[in-house]
Amino acid sequence: MPTRRVVKTGHRSPARFFLRAFAILLLATLLALGVPNLVMFLQNTGDIESTEQMTEQSESFNADAIMVLGAAVHSDGTPSPLLQDRLDVAIKLYKQGVAPKIIMSGDNSDSHYNEVMNMCNYAIGQGVSKDDIFCDHAGVNTYDSMYRAKNVFGAERLVIVTNEYHLYRSMFLCRSFGIDARGVASDQGSYTDMDYYEQREFFARIKDFYGALTNAEPSTYSEPVSLAGSGTATQWWKKSSQQ
């Protein structure tokens, strides 16, 4: 009696197919989320300096300006503790000759809320010349701040002052726009809501990583401003906030 041969048809179980598809999708998602954060950490970890290290390197780096990234101000115009530490570190670097100018970049999207002028006034009160302070009123987010540092203020070399968790993205964006950057962490202690800020930063890195890759447009375009001149022309309040 002849033996029958069993021929496999190659038919796959639907469950196995969907399991494999799910695994591929999960891996792709993890890579899409994880790679931007990993790239920013690896690219910039070695260029975060202490105030002392930055002061020692000031002559060789020859920064055009120190950029302070904005954060919340209170209703009376005083900076929040997190922002005050950023300002104090930047002012210290300025007074030690790390850079001749300071760019204050923050949110002035609402006529009744002006981070940058409150930052500017604080620095003037600490002895910084008003001619040396440039206000970027359209720095509504980190991407726009760095885009404008290059395309509005013409910066080639910047010292970025912000909290350490924020420096990795800030410096990555600087370099994406062709700016040589060094970072100085402003952390002087613990701050409220830091878990929230760090979680939000994880997703902000992803957004800005792909924004830089696709050359995303900034929210606002402005005429160029020369850092060689006086910053007083950039120091203003919207009319409705003066009434």
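The structure is a predicted model, in which local features need pLDDT of at least 70 and side-chain atom pairs count only at pLDDT 80 or more, while totals for chains, interfaces and linings use all residues. Residues are numbered from 1 along each chain as its sequence is written, and side-chain values use heavy atoms, with hydrogens and water left out.

**Helix α1**

Helices (H or I, at least four residues) and strands (E, at least two) are DSSP runs, numbered from the N terminus. Helix α1 covers residues 14-44, and because its 31 residues at 1.5 Å a residue should span 45 Å, the distance of 45 Å between its end C-alpha atoms agrees with that expectation; the expected span is 1.5 Å times one less than the number of residues. A kink of about 30° lies at G34, shortly before the proline P36, where the bend is the angle between axes fitted to the seven residues ending at a residue and the seven starting there. In α1, P36, N37, M40 and N44 are buried, and here buried means under 20% relative accessible area, exposed over 50%, and partly exposed in between (1.4 Å probe, protein chains only). What covers the buried residues of α1 includes β1 (48-49), α7 (164-176) and α8 (194-213).

**Two asparagines with positive phi**

N62, in the loop between α3 (58-61) and β2 (65-69), has a phi near 55°, a positive value in a residue other than glycine, and N62 is partly exposed at a relative accessible area of 47%. N215, in the segment after α8, also has a positive phi of about 55° although it is not a glycine, and N215 is exposed at 59%.

**Salt bridges**

Side chains of opposite charge can pair when their charged atoms come close.

| Pair | Closest N and O atoms |
|---|---|
| R157 and D64 | 3.7 Å |
| K101 and D132 | 3.2 Å |
| D180 and R182 | 3.0 Å |

R157 and D64 form a salt bridge that links distant parts of the chain, with R157 in strand β5 (residues 157-162) and D64 in the loop between α3 and β2, 93 residues apart. R157 is partly exposed at 26%, and D64 is partly exposed at 22%. Both K101 and D132 are buried. D180 counts as partly exposed at 32% relative accessibility, whereas R182 counts as buried at 18%. Finally, R169, E201, R205, K207 and D208 are linked in a network of salt bridges.

Terms used: Contact means heavy atoms within 4.5 Å. A salt bridge is a side-chain nitrogen of Lys or Arg within 4 Å of a carboxyl oxygen of Asp or Glu.
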